[in-house]
Amino acid sequence: MIENRPWLTFASHATLLLGIGLVALPVWMALVASTHPASAFGVGHIPLWFGDAGAETWGTVLFEEAGNGVDTPVWFMMLNSLIMALGITFGKIVISLLSAYAIVFFRFPCRNLCFWIIFMTLMLPVEVRIVPTYEVVANLDLLNSYTGLTLPLIASATATFLFRQCFLSIPGELVEAARIDGAGPWRFFFDILLPLSRTNIAALFVILFIYGWNQYLWPLLITTDDAYYTLVMSIKRMLSVTDGDIAWNQIMATTLLAMLPPVAVVIGMQKLFVKGLVDSEK
Amino acid sequence: MTDVILEKVGKTYPNGYQAIPSVDLSIEEGEFIVLVGPSGCGKSTLLRMVAGLESISTGELRIRGERMNEKEPAERDIAMVFQNYALYPHMSVYDNMAYGLKNRGIAKNLIEEKVSDVAKMLGLTELLQRKPRQLSGGQRQRVAMGRAMVRDPKVFLFDEPLSNLDAKLRVQMRVEIRQLQRKLGTTTLYVTHDQVEAMTLADRLVVLNKGKAEQIGTPMDLYNKPATPFVAAFIGSPSMNLIDATLTEQGVKISEALTLPLSHQHRGDIVWGIRPEHLEVSDEQNGDFALRIQAVESLGAETLIHGKIETESANGESMVVRLSGPHLPDVNSLMWLTAPMSHWHLFDAKTQQRL
Amino acid sequence: MTVTFPQKGLPWLLLLPQLLVTAIFFLWPAEQALEQAFYQEDAFGLSREFIGLENFIDLFTDPLYYQSMLTTLVFSFSVAIVGMSLALFLAVMADRVIRGKLAYQTLLIWPYAVAPVLAGVLWWILFDPSMGPIALWLKSAGVDWNHYLDGNQAMILVVIASTWKQISYNFLFFLAGLQAVPRSLIEAAAIDGASPFKRFWTIVFPLLSPTTFFLLVVNLVYAFFETFGVIDATTKGGPGQSTTTLVYKVFDDGFVGLDLGGSAAQSVVLMAIVGLMTVIQFRFIERKVQYS
């Protein structure tokens, strides 16, 4: 800054630390709660410091059953979440790369029409057309399947636009040089375009992984079979338990485990994550 | 043997814009042809049509007797060096040079041999494992040329390859390109807007203006006998003095008060030209006309004097005089000049053709 | 002009997967919604009857629908304004400090990765009237907190949970915007004698306005369409209809109330709204491109 005002700098740090504390508060509470036995919650308040039942709760939740009406262990649902998240991520990236490639590097009739059809998906988030989409998937017999979990979510105008932008920034001479060097469309795609889009793909991967992992309403609707439960949606099933004792410690442990992978991805790949956010700007 | 023939080659874009009406050009094997002209004159379009990057709307392109109009760029056996070099940024220098050969399915050991030969010739051996972004401008330029050379093509195409380099490097690379081309003996088509580059490199020059070839000839032909005022102005630096005049029985009438005597059968409006270096300093008795000096540019080896022909009326024609060695005439003073008739250039004002 | 390949059939092959998925899972359902909006269907899907615009007339004469619209507006603008103010404040602080900028950023951006429903669960428990630490603390301070009964308190809870998740996004963009403000401008203002506070309001904030506007649109879209999980986990739209946003209502009427025609009519209205918002957003992006 321009002036050197120590107290202002100090105030800035203090405010930021306070902000970080407030943002972290719910997670802190969840972490504390998960270390107490289920009986601790009956007495009317959540304990404020760590208990000693942590290892037991986390072990149970991870390897035996999540509890509260969900019999599957967390590791198994994590696997489902991972399959769904990666399916959505790879699916979106692949079909968007291909369609953006077609739109930028080829001229063909109805090119604009295709562009608009893809653009329209931007206007139709799944939450908005939830009932008819469910019916379509039910008609196609895709309920309780990985295909049903992923396929309806992989069309993405955002990713197509991002790649279009990225491809448009590649100098035309590079394409010409490749043509003179005897590279056809496929060779150009694999030898030049993909390597040049590497960071964009990685950045988008981070964003889409979070999007895929955090899907909630869609898996909730189309899975009724334990075998396809994903971790995030299982929370809803755990909360809808009716018979009295809710094992809060288990719910908190499961919640923390459910947010762990995407949070780890954001923190571990912060640079790519920021790039992905800025690039896609929704 | 004639190597490349352009026969009435023209380009009309789908939106109806006619970039090039019709160009005829035949290039001998091993010849260095430079296409030169101001930006937007169609020189790059013409080059790209030869490369196969733009379709040919009318006419025919033949390389070694074979019609090329419908061939893909890769099938024409040409190589191109781009203005921004167009090096693949994610590939090493070696891979950049080898890519075209790999795509043609050439054996690996043969590729290695060719690349290392060319790298040696261009002094790139030490840089083969580097990425383009780790190279200087001049080195990138060399890699771009190496990529063209390894393929050993029938024709080299250069699209303003030196315009991204600084002045000093440009001169150095210019000489190098000329030497390499002589050594390899490959037919070359080179596009530039820089007339110095054009004059120094070319066996023959094609001056393009608005898609038309104004004149095709050796650099000295163009300098000594420009076919049109456009060529006259474009070739030579500083440009030729060109003045609107009328040809009468008395001679070239530049203004009411000034007529330079000449006997010529042509009558009517003309453009009269003389190069700055051909004007000679004289005195009031022997001079053809006087120049009112407006500015003096001393460059040491030569001096450029800008002024206006002194007449009774206010607006005399502007002129530049180029004198060798240092001169320091006063601004606003008068300088008497003679214009030797052997250096005159006369053009018909209507047809723009040389008389 | 971009350079292109001459092939004619290949681009269709490349577009095929995306077009297929779009047609099957976007256009077909959208068409179904449109169709269903003009029919009345019984709960078991056995019979349906064409009723013209009746579903829409029902919708627009239903006071609950207007209430839901109002709820959505209050909710969305609260989320946008609270979230953006806090994020801007933190971003200004982070922009001031020289050391630890990246560390602060890391510690502030992670909530973006938390699923909305999990954010809802966490805050719900903090505010649970019988055991939540914050609810208990509020009670001891004299505030009778019970979001199961009090509609306004329920609204505050969903706003807090939704804002919490979005702060990271706002923070990142504000910080980037602040760092893009030319140092020389601020230095010039300082030489002109403007205090840090005045500099912010007269120089920095106006220069941030493209970012601010962009974030406003993004936040509104987020609050409209991506907070289903938060609401479902915390209040389920209640008490009464006090936190039922338009998107939640589509789901609630369709899957819980089984009023398929009504839900489809709502879908159609929502699609129109999203379409409008998308157009606004694109206008803005176009303009921003011109700026740079």
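For chain B, UniProt lists residues 4–235 as "domain: ABC transporter", in an unreviewed entry; its positions follow the numbering used here, feature names are shortened, and annotations may be inferred rather than shown by experiment. The model is predicted, so local features need pLDDT of at least 70 and side-chain atom pairs count only at pLDDT 80 or more, while totals for chains, interfaces and linings use all residues. Residues are numbered from 1 along each chain as its sequence is written, with chains lettered from A and ligands numbered from 1 in the order in which they are written. Over residues 4–235, chain B is 37% helix and 26% strand (DSSP runs numbered from the N terminus: H or I of at least four residues for helices, E of at least two for strands).

Turning to how the chains meet, chains A and C share the most contacts of the two pairs of chains in contact (contact means C-beta atoms, placed from the backbone, within 7 Å). Chains B and C have no contact, and their closest C-alpha atoms lie 8 Å apart.

Now for one helix pair: α1 of chain A (residues 6–33) packs with α3 of chain C (residues 63–96) at about 135 degrees, their axes 9 Å apart. Axes are lines fitted to C-alpha atoms, for helices over the stretch in contact, and angles run from 0 to 180 degrees between N-to-C directions. The residues that make this contact include T9(A), L16(A) and G19(A) on α1(A), and L90(C) and R96(C) on α3(C).
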